Amino acid sequence: MLRAMAFLGAIVAGAASPALAADWATGRTVAERWCGECHVLPGGQAGSDAAPALATIAKNPRWTDETLRGFLAEPHPPMPPHTFSTADIENLIAYLERLRAP
């Protein structure tokens with residue numbers, strides 16, 4: 001009984017986690033809206049060659065979920081001063097995780 005309660009508690013706690021609630025498809029929409037001006041997106045959406053392609057960022061081990069959260073929460077030059085909500089950030093990270101997949 002105690003194990004069952006602990007398991008249910010973990011499920012409920014996990015459901016409240018932003019990472020689990022993140023939606024990659026919504027992240028793709030956010031990327032198309034805000035990132036595509038500068039970054040080339042999968043599918044060939046034009047960007048600029050001044051910024052790395054999103055797929056390149058996704059596959060760079062330097063950009064962990066945690067470093068992305070920090071960077072997107074307080075973007076700095078040369079990135080334009082976009083203000084992303086916590087949900088936008090989590091959804092963008094979910095999209096980048098999908099791009100990391102082989």
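Reader: How many helices and strands does the chain have?

Author: The chain has 6 helices and 0 strands. Read along the sequence, that gives the pattern α-α-α-α-α-α. Keep in mind that this is a predicted model.

Reader: Which share of the chain is buried?

Author: Buried residues make up 28% of the 102 residues.

Reader: What makes His82 count as buried or exposed?

Author: Its relative accessible area is 18%. Buried means under 20%, so His82 is buried. You will find His82 in the loop between helix H5 (65-73) and helix H6 (86-100). Setting aside neighbours within four places in sequence, His82 is in contact with Trp34 and Pro75.

Reader: And what about His39, buried or exposed?

Author: The same cut-off of under 20% applies, and the relative accessible area of His39 is 15%, so His39 is buried. His39 sits in the loop between H3 and H4. Not counting residues up to four places away in sequence, His39 touches Gln45, Ala46, Gly47, Ser48, Ala51, Pro52, Leu54 and Ile57.

Reader: Why is Thr64 called partly exposed?

Author: Buried is under 20%, exposed is over 50%, and partly exposed is in between. Thr64 has a relative accessible area of 35%, so Thr64 is partly exposed. Thr64 belongs to the loop between H4 and H5. The C-alpha atoms of Thr64 and Ile93 are separated by 9.2 Å, although these residues are 29 apart along the chain.

Reader: How do you know whether H3 and H6 are roughly parallel or roughly perpendicular?

Author: Two packed helices are described by the angle between their axes and the distance between the axes. Helix H3 (residues 24-35) and H6 pack at an angle of about 100°, and their axes are 7 Å apart. Angles of 65 to 115 degrees count as roughly perpendicular, so H3 and H6 are roughly perpendicular to each other. On the H3 side, the contact is made by Trp24, Thr26, Gly27, Arg28, Val30, Ala31 and Cys35, while H6 brings Asp88, Asn91, Leu92, Ala94, Tyr95 and Arg98. These contact residues divide into 7 nonpolar, 3 polar and 3 charged.

Reader: Which residues does Ala22 contact, leaving aside its neighbours within four places in sequence?

Author: Ala22 is in contact with Glu90, Asn91 and Ala94, once those neighbours are left aside. Ala22 lies in the loop between helix H2 (18-21) and H3. Ala22 and Leu92 are 70 residues apart in sequence, and their C-alpha atoms are 8.3 Å apart in space. For the chain as a whole, take contacts between residues at least 6 apart in sequence: 53% of them join residues at least 24 apart.

Reader: What lines the largest pocket?

Author: The lining has 26 residues, of which His39, Ala51, Ile57, Phe71 and Met79 lie nearest the centre of the pocket. H3, helix H4 (54-59), H5 and H6 each supply at least two residues of this lining. The volume of the largest pocket is about 540 Å³.

Reader: Which peptide bond is cis?

Author: The bond from Pro77 to Pro78 is cis, with omega near 10°. Pro78 lies in the loop between H5 and H6, and His82 has its place in that loop too.

Methods:
Residues are numbered from 1 along each chain as its sequence is written. This is a predicted model: local features need pLDDT of at least 70, side-chain atom pairs count only at pLDDT 80 or more; totals for chains, interfaces and linings use all residues. Side-chain values use heavy atoms; hydrogens and water are left out. Helices (H or I, at least four residues) and strands (E, at least two) are DSSP runs, numbered from the N terminus. Buried means under 20% relative accessible area, exposed over 50%, partly exposed in between (1.4 Å probe, protein chains only). Contact means heavy atoms within 4.5 Å. Axes are lines fitted to C-alpha atoms, for helices over the stretch in contact, and angles run from 0 to 180 degrees between N-to-C directions. Angles under 35 degrees count as roughly parallel, over 145 as roughly antiparallel, 65 to 115 as roughly perpendicular and the rest as oblique. Ala, Val, Leu, Ile, Met, Phe, Trp, Tyr, Cys and Pro count as nonpolar, Asp, Glu, Lys and Arg as charged, and the others, Gly among them, as polar. On a 1 Å grid over the protein atoms alone, a cavity is a set of points where a 1.4 Å probe fits but cannot get out, and a pocket is an open set with protein on both sides within 12 Å along at least five of seven lines; lining residues have an atom within 4 Å of a point. Grid points are joined across faces, edges and corners, and a volume is the space filled by probe spheres set on the points.
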